[in-house]
Amino acid sequence: ATLYPQNVGRFVLDGAIDPTVSDEDSSAYQLQAFDTALRDYLKSCITVNPTTCPFSGSVDSAMNKIMAFYKKMETTSLNTTLGRKLQLPGAITGLIMTLYSNDYWKYTSSAFSAAFRGDGTLFLQLADFYNDRNSGGGYASNMLEANIAINCLDGRSNPSKAAMDAQNARLLKLSPFFGRYWRNGALGCASWPYPVAKKPANYAASGSGPIIVVGTTGDPATPYWEAQNLANKILENGHLITFNGEGHTAYGRSNSCVVDAVDAYFVNGIVPAKDPNC
C-alpha cells in the first residue's frame, strides 16, 4: 500500500502489526500478549469450567503449577501414543497453539490433564498441527521456512551477547514463564545470509483508498495496540474495527458485527463511520 497506493482497492488487514516497532520490541510485546492469553485461559478455566479444569485456586497458583511442570520437562519426557516422546519444545509449541483462539482452550485443559497423568500425546499432536507436520513425518507446507525467510528480511535483533542478555532479562521480567523459553531469539536470524530489506520512509500509504484494520483486544500473536497504531497513527486513510475478544485475528472466527462490517466494505465499499467496537 505504501509502495503502490494507486493499486490499493478495498484492502483489509486482520491481525495487523505496527511495522515501525523494532524486532526486539515486537518479540517482547508478543511474549507479553501470550502471557496475558494464558492467564485469561486460566481465569476462564478455573471460574467457568471448574469441574473439567486441571487447575484450581488462583491464576497465580495455576501459573506456578504450569511453571513447575515445564521445569520438570526440561530434564524429562512424556510417553505418547505416536511413537515419539513429548519433550520440552513440543510441550511449549503445543501450549502456544491453543492460545491462538479461545475455541482451543478445551484442548489446553485436555492436554494439561493428560500430561499431568504422564501422557504427552495431545500436546505433541497440537505441536504437530502448529508445525504442519503430518502423521507420516512429512510437512504439508513450507510455512516454517517461509516464516524464517520473511521475518529475517523484515528485521532482526542484535545477536551480541550483551544485547541478548539484556533482552533475556527484559523478557523474564515481562513473563517469568514464557521469558524462560523465549530467550536468545536473535540467534534465529544471526546467520541468515541476506541483509534486512530496505524499509519505506513511512507507512502512511498516502493516496491509497480506505484501509480497514481489524484488531482483537485479546490477540496473543499480534497485540491489539499495534492495530490501533496502524489504523489511527500510521496509515493516512486507516479505519479500525475492534473485536472485543480472545484469539488471533477476528474475521470468520468472531461475530457477525465484524463480518458484516468487513463484508459491507468489500462488497459495497462502505467504510465504517467509526469503529463499530464489536
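Colleague: What should I keep in mind about numbering and confidence before I start?

Modeller: Residues are numbered from 1 along each chain as its sequence is written, and because this is a predicted model, local features need pLDDT of at least 70 and side-chain atom pairs count only at pLDDT 80 or more, while totals for chains, interfaces and linings use all residues. Side-chain values use heavy atoms, with hydrogens and water left out.

Colleague: How many bridges join strand 2 to strand 3, and in which sense do the two pair?

Modeller: Helices (H or I, at least four residues) and strands (E, at least two) are DSSP runs, numbered from the N terminus, and two strands pair if DSSP finds at least two bridges between them. Here strand 2 and strand 3 (residues 238-246) pair in the parallel sense over seven bridges, with Gly 238 in strand 3 as the bridge partner of Ile 211. Between them the chain passes through helix 10 (residues 224-234), and this β-α-β crossover is right-handed, a term meaning that, with the strands pointing away from the viewer, the path from the first strand over the helix to the second runs clockwise. Strand 2 also pairs with strand 1 (residues 11-14), again in the parallel sense, over four bridges, and there Ile 211 is the bridge partner of Phe 11.

Colleague: Why is strand 2 described as largely enclosed?

Modeller: Buried means under 20% relative accessible area, exposed over 50%, and partly exposed in between (1.4 Å probe, protein chains only). Seven of the eight residues of strand 2 (residues 211-218) are buried, so the rest of the structure largely encloses this strand.

Colleague: Which residue forms a salt bridge with Asp 25, and what parts does the pair tie together?

Modeller: A salt bridge is a side-chain nitrogen of Lys or Arg within 4 Å of a carboxyl oxygen of Asp or Glu, and the structure holds six of them. Asp 25 forms one with Arg 170, the closest N and O atoms being 2.8 Å apart; Asp 25 lies in helix 1 (residues 23-48) and Arg 170 in helix 7 (residues 161-174), so the pair ties together parts that are 145 residues apart in sequence. Asp 25 is partly exposed at 24% relative accessible area, and Arg 170 is partly exposed at 28%.

Colleague: Which residues are linked with Arg 39 in a network of salt bridges?

Modeller: Asp 35 and Asp 60 are linked with Arg 39 in such a network, and within it the side chains of Asp 60 and Arg 39 meet at 3.0 Å, N to O. Asp 60 lies in helix 2 (residues 59-73) and Arg 39 in helix 1, so this pair ties together parts that are 21 residues apart in sequence.
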